[in-house]
Amino acid sequence: MKPPARIDVSRQELEDVLARVRETLGEQDYEKLKAAIETLAYLTDSLQDREISLQRLRKMLFGASTEKTRVVTPAPSNPNPAPEPPPATESPEEKARPGHGRHAAEAFRGAQQVKVTHSTLKPGDACPECRKGKVYLQKEPHVLVRVVGQAPLAATVYHLQNLRCNLCGEVFTAEAPPGVGTEKYDATACSMLALLKYGSGLPFYRLEGLQESLEIPLPASTQWEVVASGAAVMKPALEELIRQAAQGEVLHNDDTPMPVLGLERERGREARDPPERKGVFTSGIVATRAGRRVALFFTGHRHAGENLAAVLARRAQELAPPIQMCDALTRNLPKLPTKLEVIVSHCLAHARRRFVEVVANFPVECRHVLEALGEVYGYDAQAREQGRSPEARLHFHQEHSGPVMTGLQAWLRAQFAEKKVEPNSGLGEAITYLLKHWDPLTLFLRKAGAPLDNNICERALKKAILHRKNSLFYKTENGAHVGDLYMSLIHTCELNGANPFDYLTELQNHASELAKIPAAWMPWNYRQALQQAGPSQPST
């Protein structure tokens, strides 16, 4: 097909042409042509991005597809297909599986609980129906759940009565009700702002517009002042999280680009750390130890490996080397002193994804690899469902996954030895990656507790990616550090099943206790500290 002649035209010119022919086209044809022009402009802007690939562009246009083997690879042809089994009949006793959208009253743990007694009866009274028996209290009450709407941040205006002496002029003002406090924005306001901004990705200016429409104004500048002051109070909790993460048994790390205008505008090399680097990143680190998980975020010029090295500098010397899980990028590996060591394990999902990306050109070969890795993931899921210990999980993988991986390694080598695959092809590069990093990719067969992939860290980085998508950037380095603090505290709460709103609020209400013993105010044990400290008082 002959390429069309090039004509330089701006988007505004195309929109002007479209406006002139709108009446001639009709509304339906106009909308179609308008959508085509907007798609062309979107593609043009995307193609100018040097980091975009055709694979990513395809996902942007047609949506991100699943990477499940049965979806990305065609089913193998079978000349003698087995007869389809008869459709299973659903038994009436079969319950709806979890995730169907309905929640029991017990799921509303954060709701206000109100106990209502009967208006005319009490236990021991005569039955008004049969007039012979007596009513008694049942163990389970009848439960009603009612959900109401309200502004993200509500406000109460107290009109305190003023009385003035007509002789001396002294003014007497009524006292505020108990519990009102002296601050306009209390600890709950800071907690909700932090959750909306850094936990859910809602920019300050959008919340400002929403609050304005609900007639409870809250300027973006005020929102920042509130969360910044709260971050200063909660900094000891972050420092303790970093210390405890350094003692972890397994540490996951990765990073993602994150614009910080204040850092990008720096002209002097001496202001950068390291000075020769221009890029700005948010590193995510997830540490696990004794069933607890700690999520940390660091934004700046440093890569994930450098931030991990700074965290491990706080590790106790008597502890054994931890397992580090990451992909094979060299910037994810920390440069440690001789006294500190890590056992490197690479992400099997990254290696698998390389075959998913070329499955359209090599469906048979890729299906073989994906099915083998899928079998390994199946065994890992069985070990997790059975609640096996790290040592028992290791033996289980050695018994079941070991032969699968050994056979896969032999098959991969045979593709090159028998010259079935060109090393420079897409499949060849995927095979080369898997063979080159075979030892760290299969650490789960030799080391107890070694994970299969780095998915937990990639999920954690979605917090930073959501912020980048909605807010586009941080304005200053200090703003980035505040965001890192809140994301670390919020996501650590989520990983440990704690209520982040309640946790952030209690940290502010018990700032003095937090500063003295920060280890007692972690998401997994702050409830015990609350019982010892007594009822919290509103922040003033």
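Reader: Why is Arg131 called exposed?
Author: Arg131 has 69% relative accessibility. Exposed means over 50% relative accessible area, buried means under 20%, and partly exposed lies in between (1.4 Å probe, protein chains only). So Arg131 counts as exposed. Before going on, note that this is a predicted model: local features need pLDDT of at least 70, side-chain atom pairs count only at pLDDT 80 or more, and totals for chains, interfaces and linings use all residues. Residues are numbered from 1 along each chain as its sequence is written, and side-chain values use heavy atoms, with hydrogens and water left out.

Reader: Where does Arg131 lie?
Author: Arg131 is in the loop between α5 (69–72) and β1 (162–164). Helices (H or I, at least four residues) and strands (E, at least two) are DSSP runs, numbered from the N terminus. The phi of Arg131 is near 65 degrees, a positive value in a residue other than glycine.

Reader: What makes Glu215 exposed?
Author: Glu215 has a relative accessible area of 72%. Glu215 is therefore exposed. It sits in the loop between α7 (204–213) and α8. Its phi is positive, about 65 degrees, although Glu215 is not a glycine.

Reader: Why is Gly374 called partly exposed?
Author: The relative accessibility of Gly374 is 36%, so Gly374 counts as partly exposed. This residue lies in helix α12. Its C-alpha atom is separated by 8.9 Å from that of Lys68.

Reader: How do you know how confident the predictor is in the protein chain?
Author: Look at the pLDDT, the predictor's confidence in each residue, from 0 to 100. The mean for the protein chain is 87. Of its residues, 87% reach 70 or more. Over residues 88–93, however, the pLDDT is below 50. Beyond near neighbours in sequence, that stretch has zero contacts in the model. Contact means heavy atoms within 4.5 Å.

Reader: How many residues does the protein chain have, and what share counts as buried?
Author: The protein chain has 540 residues, and 36% count as buried. It has 20 helices and seven strands.

Reader: What makes a set of residues a nonpolar core?
Author: The members are buried Ala, Val, Leu, Ile, Met, Phe, Trp, Tyr and Cys residues, joined through side-chain atoms within 4.5 Å. The largest one here has 60 residues. Tyr198, Leu296, Tyr486, Leu489 and Tyr503 touch the most other members. Helix α8 (residues 220–246) gives the most to this core, with ten residues. Apart from it lies another core, of 37 residues, including Val250 and Leu441. There is a general pattern: in soluble globular proteins, nonpolar side chains tend to be buried together.

Reader: Which residues is Tyr503 in contact with?
Author: Leave aside neighbours within four places in sequence. Tyr503 is then in contact with Ala237, Leu489, Cys493, Trp521, Met522, Pro523 and Tyr526.

Reader: Why do β5 and β7 stand at the edges?
Author: The open sheet has five strands in the order β5-β4-β3-β6-β7, with mixed pairing. Two strands pair if DSSP finds at least two bridges between them. β5 (292–300) and β7 (343–346) each have a single partner strand, so one side of each is left without a neighbour in the sheet. The twist averages 20 degrees from one strand to the next.

Reader: How do you know in which sense β3 and β4 pair, and over how many bridges?
Author: β3 (residues 250–257) and β4 (residues 281–289) have eight bridges, in the antiparallel sense. By contrast, β3 and β6 run parallel, joined by three bridges. Val250 has Ile323 in β6 as its bridge partner. β6 and β7 also run parallel, with four bridges. There, Gln324 stands opposite Val344 in β7.

Reader: Which way do the residues of strand β6 point?
Author: Ile323 and Met325 point one way, Gln324 and Cys326 the other way. All are buried.

Reader: Which strands does helix α16 lie across?
Author: Helix α16 (residues 455–471) lies across β3, β4 and β5. It runs at about 30 degrees to β3. Axes are lines fitted to C-alpha atoms, for helices over the stretch in contact, and angles run from 0 to 180 degrees between N-to-C directions. Helix α17 (residues 477–495) lies across β4 and β5, at about 165 degrees to β5.

Reader: What covers the buried residues of α14?
Author: The cover includes α11 (348–357), α12 (363–385), α13 (390–417) and α15 (438–441). Among the buried residues of α14 (residues 426–436) are Leu427, Ile431 and Leu434.
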